[in-house]
Amino acid sequence: MIILYSKGTLFYFDPPYYITNAAYNDGKRGADARWSIDDEENLLNYLLKLNLFGHKFLLSNVIEHKGRKHQLLIDWAFQHNFEIIEVGISGWRYEKKEVLIIKKVIK
C-alpha cells in the first residue's frame, strides 16, 4: 500500500494517545478496545516503513500526562533520529504535553 504514493508524500497521524484516556479512547464508542501498546508499536513500525520508502510523516501525540511519560515514544524518536517538537500544554481537566514528531531537517 505504501508504494502506491509518490515519493515525498506527507502522511498525518493523530492516533488515540497511548498514555491518556479520553472518551474516544475508552473502548466504549465503536473501537474494540482501548488503544494498546501493541497498537502504538504497530503504528511506530508503520511510520518507519513510510520513512524507508521516502515518504514524510507528521505524528501528533502526547509525551507527558498526569505524571506519566511516554518513554516508548521518546526513545523511538531518539533512536530513529526523529525530531520532537513541543506544541504546548493542553487539556481542560488534566494537563498534557502535546508534541509533533517529524524527520529531522538537516540545515
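Five aromatic pairs are present in the structure, a pair being counted where ring centres of Phe, Tyr or Trp (its six-membered ring) lie within 6.5 Å, with planes under 30 degrees apart classed as stacked, over 60 as edge-to-face and the rest as tilted. One of them joins Phe 13 and Tyr 46 in an edge-to-face arrangement, with 6.3 Å from centre to centre and 70° between the planes. This pair connects distant parts of the chain, 33 residues apart: Phe 13 belongs to strand 1 (residues 10-13) and Tyr 46 to helix 1 (residues 37-52). Helices (H or I, at least four residues) and strands (E, at least two) are DSSP runs numbered from the N terminus. Phe 13 is buried at a relative accessible area of 17%, whereas Tyr 46 is partly exposed at 27%; buried stands for under 20% relative accessible area, exposed for over 50%, and partly exposed for values in between (1.4 Å probe, protein chains only).

The model is predicted, so local features need pLDDT of at least 70 and side-chain atom pairs count only at pLDDT 80 or more, while totals for chains, interfaces and linings use all residues. Residues are numbered from 1 along each chain as its sequence is written, and side-chain values use heavy atoms, with hydrogens and water left out.

A further edge-to-face pair is formed by Phe 57 and Phe 82, at 5.1 Å centre to centre and 75° between the planes. Phe 57 lies in strand 2 (residues 56-65) and Phe 82 in strand 4 (residues 82-90), so the contact ties together parts that are 25 residues apart in sequence. Phe 57 is buried, because its relative accessibility is 4%. Phe 82 likewise counts as buried, with a relative accessible area of 4%. Ring pairs also bring in Trp 76, giving a cluster of Phe 57, Trp 76 and Phe 82.

The protein contains two helices and five strands, and along the sequence these follow the pattern β-α-β-β-α-β-β. Of its 107 residues, 31% count as buried. Among the residues of helix 1 is Leu 43, which is buried at 10% relative accessibility. Leu 43 and Leu 59 are 16 residues apart along the chain, and their C-alpha atoms are separated by 9.9 Å.

Side chains of opposite charge can pair when their charged atoms come close. Three salt bridges are found in the whole structure, under the criterion of a side-chain nitrogen of Lys or Arg within 4 Å of a carboxyl oxygen of Asp or Glu. Glu 64 and Lys 69 meet through their side chains at 3.9 Å, N to O. Within this pair, Glu 64 is partly exposed with a relative accessible area of 28%, and Lys 69 is exposed at 52%. Glu 64 also forms a salt bridge with Lys 97, where the closest N and O atoms are 3.4 Å apart. That bridge links distant parts of the chain, with Lys 97 in strand 5 (residues 96-103) and Glu 64 in strand 2, 33 residues apart. Lys 97 is buried, at 19% relative accessibility.

The side chain of Lys 97 additionally meets that of Glu 86 in a salt bridge of 3.9 Å, N to O. Here strand 5, holding Lys 97, is linked to strand 4, holding Glu 86, across a separation of eleven residues. Glu 86 counts as exposed, its relative accessibility being 54%. Through shared partners, the salt bridges join Glu 64, Lys 69, Glu 86 and Lys 97 into one network.

Arg 34, Lys 66, Arg 68 and Arg 93 form a positive surface patch. Patches consist of residues with over 30% relative accessible area and no salt bridge, like charges being joined within 9 Å and nonpolar side chains (Val, Leu, Ile, Met, Phe, Trp, Tyr) within 5 Å. Lys and Arg count as positive and Asp and Glu as negative, with His and the chain ends not counted; a charge is placed at NZ of Lys, CZ of Arg, CG of Asp or CD of Glu. Accessible areas come from the Shrake-Rupley method with a 1.4 Å probe, and for residues only the protein chains shown count as cover.
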